[in-house]
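Trainee: I am new to this structure and would like a close look at just one part of it. Could you walk me through the aromatic rings and their surroundings?

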Amino acid sequence: MRILIALAAIAAFTVAAACSSGDDGVSSSGMTRKARVGDITMEATLMDAASGLALRPALEVLPLDTLVIFAITLDTHSTDLSNISLAAAAVLQQVGPGTVPRAWMPTKEEAHHVEGILLFSRLSESGPVTLVTDLGGDKPVEMTWESQV
């Protein structure tokens with residue numbers, strides 16, 4: 001019985017370490033970040049070129065090595081998400097001032113569920129990137145990845 005309790009404690013610690021949540025309310029697991037603003041949940045995954053192509057084959061016509069690619073999901077059960085333009089609401093911070101998206105390619109646009117690919121020009125080959133998104137809350141959502149893919 002004690003072994004089972006010890007194994008359960010180790011498993012709980014491992015899950016907590018894999019999915020951390022900072023003071024800013026953003027949780028992370030691998031290349032995915034998740035945040036909640038009011039009743040909107042935002043999930044952003046920093047993707048490599050192959051993953052982006054698998055999700056959206058039309059990306060093959062773009063110079064993917066010059067882009068930073070995010071898979072974005074917005075979910076809610078009470079807010080109309082059609083009022084949020086991710087192309088206008090998002091900025092990528094790499095070096096210097098923020099960069100606006102080159103494109104927003106939706107794969108699903110419903111009143112309560114939005115999914116798609118957000119593309120930015122790559123300004124640096126390495127270092128951290130921060131996706132800043134204004135979803136209408138008190139302050140914008142800031143999600144940071146310490147390295148690029």
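Mentor: Let's start with Phe120, which has a relative accessible area of 0% and is therefore buried. This is a predicted model, so please read every value here as computed from that prediction. Phe70 is likewise at 0% relative accessibility, so Phe70 counts as buried.

With Phe70 in strand S5 and Trp145 in strand S10, parts that are 75 residues apart in sequence are tied together. Phe70 and Trp145 are both buried. Through these ring pairs, Phe70, Phe120 and Trp145 are linked into a cluster.

Next, the wider surroundings. Phe70 is also among the residues with the most contacts inside the largest nonpolar core, along with Ile72 and Leu131, and that core has 25 residues. Among the elements that give two or more residues to this core are strand S5 (67-75), strand S8 (113-121) and strand S10 (141-145). In general, nonpolar side chains tend to be buried together in soluble globular proteins. Ile72 has contacts beyond its sequence neighbours too, including Met42, Trp104, Leu118 and Leu131. A second, separate core has 9 residues, and Met47, Leu64, Met105 and Ile117 are among them.

Finally, follow Trp145 into its sheet. Trp145 in S10 stands opposite Val129. S9 and S10 are antiparallel partners, joined over 5 bridges. They belong to an open sheet of 3 strands in the order S6-S9-S10, with antiparallel pairing. S6 and S10 each have a single partner strand, so one side of each is left without a neighbour in the sheet. From one strand to the next, the twist averages 20 degrees.

Thr130 is in strand S9. At 12% relative accessibility, Thr130 counts as buried because the cut-off is under 20%. A polar contact of 2.9 Å joins its side chain to that of Thr144.

Definitions and conventions. Residues are numbered from 1 along each chain as its sequence is written. This is a predicted model: local features need pLDDT of at least 70, side-chain atom pairs count only at pLDDT 80 or more; totals for chains, interfaces and linings use all residues. Side-chain values use heavy atoms; hydrogens and water are left out. A nonpolar core is a set of buried Ala, Val, Leu, Ile, Met, Phe, Trp, Tyr and Cys residues joined through side-chain atoms within 4.5 Å. Buried means under 20% relative accessible area, exposed over 50%, partly exposed in between (1.4 Å probe, protein chains only). Helices (H or I, at least four residues) and strands (E, at least two) are DSSP runs, numbered from the N terminus. Contact means heavy atoms within 4.5 Å. Two strands pair if DSSP finds at least two bridges between them. Axes are lines fitted to C-alpha atoms, for helices over the stretch in contact, and angles run from 0 to 180 degrees between N-to-C directions. A polar contact is a pair of N or O atoms within 3.5 Å; within protein, one must be able to donate a hydrogen and the other to accept it, and residues adjacent in sequence count only if both atoms are side-chain atoms. Rings of Phe, Tyr and Trp (its six-membered ring) pair if their centres lie within 6.5 Å; planes under 30 degrees apart count as stacked, over 60 as edge-to-face and the rest as tilted. Lists of a residue's contacts leave out its neighbours within four places in sequence.
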